[in-house]
Amino acid sequence: MSTLQPEATDWQQDDLLPLCTPEEFRRRFGPQADPGDETGPAGLPPAVVEQAARIIRQVREAGDRALLELTEKFDGVRLDRLFITKEETAAAWDLLPAADKAALQTAAARIEEYHRRSRPRSWMEPAPDGGWWGQMMRPVARAGIYVPGGRHPYPSTVIMAGIPARVAGVPEVVLATPPRPDGTVDPLILGAAHLVGARLVVKVGGAQAIAALAYGTASVPRCDLVVGPGNAYVTAAKALVYGQVGIDGLMGPSEIAVVADDTADPAWVAADLAAQGEHGPDSVVVLLTTSSRLVTAVRDQLRKKLARLEEEGSPDAGVLAQSLARGAAVVNGDLAQGVDLANAMGPEHLHLYVDKPWDLLPLVQHAGAVYLGPWAPVAFGDYAAGPNHILPTGGTARYAAGLTVATFLRAGSVFAGSATALAAAGEAAAHLARREGLRAHADSLTARLSALVPEGDSGTGPGRDAGEATGKGRGGGEG
């Protein structure tokens, strides 16, 4: 999906959530939507990708000096030091207001409980015909988390990425986030960094931060995995460093699709759409409903909200108006058709705001996260419901998942062979090796097949060595 910003829109016209047919919706938001020939990874403009590539080269060549120069160039900040230590984040936590601490702790506790339940486990069990097989889960050694800056600080992103990393058992976490105009980092970001146990906070944003996390500098340790959302340059940089490091995905503008019937409260639906629309002018908000009256009522509520924002002189009025103009409303014959359109879109967030949401859930195939019923606003999921808010966008929910504990884990297969297992399947393996023309593979097998004794053996069991292979009895969250 392109991150180019649309032209300014007069929100007083009837172009908030413009009505479109199901066919038009599929053309605009479905997987067959043509991003155009002049696009790079994740639908990004080539100029953005080229700029990100130049920045990455500069950081690789000049290290810390490049980070300082680029921060001054793009953020207008001359830094005297690139990072904030763990001791300093602890001090920042101590100075936070009690209400901030309580909110962060409440959210973190729910996020940790959810992610502990969804954590993949190592396993080991007897294989057919003897021997043992299983899977060992190991965390990456060092994870880098990018936390966007810009119009607002995002401590929620710190805990959404940092808590799963901790549950996975990642030994070391490094944060990167743009500095404020005075060269500092928002205390909420620092407090959240302390809460998740980050070793370091790097005061650098943009593509240069991704390059530093991926390749390392004198001040920034090289990471094995880089996660977190960001602007177009951050996304382009993640695409370019992938392969050098792992990434969680290429996250673009925020998205929400609301499937609603006539039981939905128009004010609540409008609030949910606005909550995602305020992220940026390129956010995508759509309403899929069986009720034309709901569309009218939701538009009225959105106009009232925009009028209030304009009266307050809020810059969010223009941002929200543009995202709503980019959105759409579709009136469907039934709710199943609405879910079908949502599947074609594969939205970041799908809210089933209907009388019987559980009846529709089995129909959902493609969505980053699904929210059921009136008491599950997406905004709750953005902060404290428990599931993660770092999710696939731009239709990538068709094949990608959001950030989970598994993002920070590597699965390694384990096989402890036995003579009986080799006797049962070794000849089949040797035959396939010969058919592939790999003679040495076949010889490796036949050498053992010819040495088999009639009684066989049961193979190495899960004693001390196998127990260590699965992570049992070891630290680091590997069990």
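Reader: What should I know before I look at the numbers?

Author: This is a predicted model, where local features need pLDDT of at least 70, side-chain atom pairs count only at pLDDT 80 or more, and totals for chains, interfaces and linings use all residues. Residues are numbered from 1 along each chain as its sequence is written, and side-chain values use heavy atoms, with hydrogens and water left out.

Reader: How many helices and strands are in the chain?

Author: The chain has 18 helices and 14 strands. Helices (H or I, at least four residues) and strands (E, at least two) are DSSP runs, numbered from the N terminus. Strand E2, for instance, covers residues 123-126.

Reader: Why is Lys238 called buried?

Author: Buried means under 20% relative accessible area, exposed means over 50%, and partly exposed is in between (1.4 Å probe, protein chains only). Lys238 has 2% relative accessibility, so the residue counts as buried. Of the 479 residues of the chain, 50% count as buried.

Reader: What makes Lys238 and Asp248 a salt bridge?

Author: A salt bridge is a side-chain nitrogen of Lys or Arg within 4 Å of a carboxyl oxygen of Asp or Glu. For Lys238 and Asp248 the N to O distance is 2.7 Å, and the pair passes. Lys238 lies in helix H9 (residues 232-241) and Asp248 in the loop between E8 and strand E9 (255-260), so the pair ties together parts that are 10 residues apart in sequence. Asp248 is buried too, because its relative accessible area is 15%.

Reader: How do you know that Arg199 and Glu172 also form a salt bridge?

Author: Their side chains meet at 2.3 Å, N to O. Arg199 sits in the loop between helix H7 (187-196) and strand E6 (200-202), while Glu172 belongs to strand E5, so the pair links parts 27 residues apart in sequence.

Reader: Which residue forms a salt bridge with Glu88?

Author: Glu88 pairs with Arg81, and the closest N and O atoms are 2.6 Å apart. Glu88 has 31% relative accessibility, so this residue counts as partly exposed. Arg81, at 32%, is partly exposed as well. A search of the whole structure finds 14 salt bridges.

Reader: Why are E1 and E8 called edge strands?

Author: Start with the open sheet of 6 strands, ordered E1-E6-E5-E4-E7-E8 with mixed pairing. Strand E1 (83-85) and strand E8 (246-247) each have a single partner strand, so one side of each is left without a neighbour in the sheet.

Reader: What makes Trp123, Trp133 and Phe415 a nonpolar patch?

Author: Patches are made of residues with over 30% relative accessible area and no salt bridge; like charges are joined within 9 Å, and nonpolar side chains (Val, Leu, Ile, Met, Phe, Trp, Tyr) within 5 Å. Trp123 is partly exposed because its relative accessibility is 36%. Together, Trp123, Trp133 and Phe415 have about 340 Å² of accessible area. Accessible areas come from the Shrake-Rupley method with a 1.4 Å probe, and for residues only the protein chains shown count as cover.

Terms used. Pairing = 2+ DSSP bridges.
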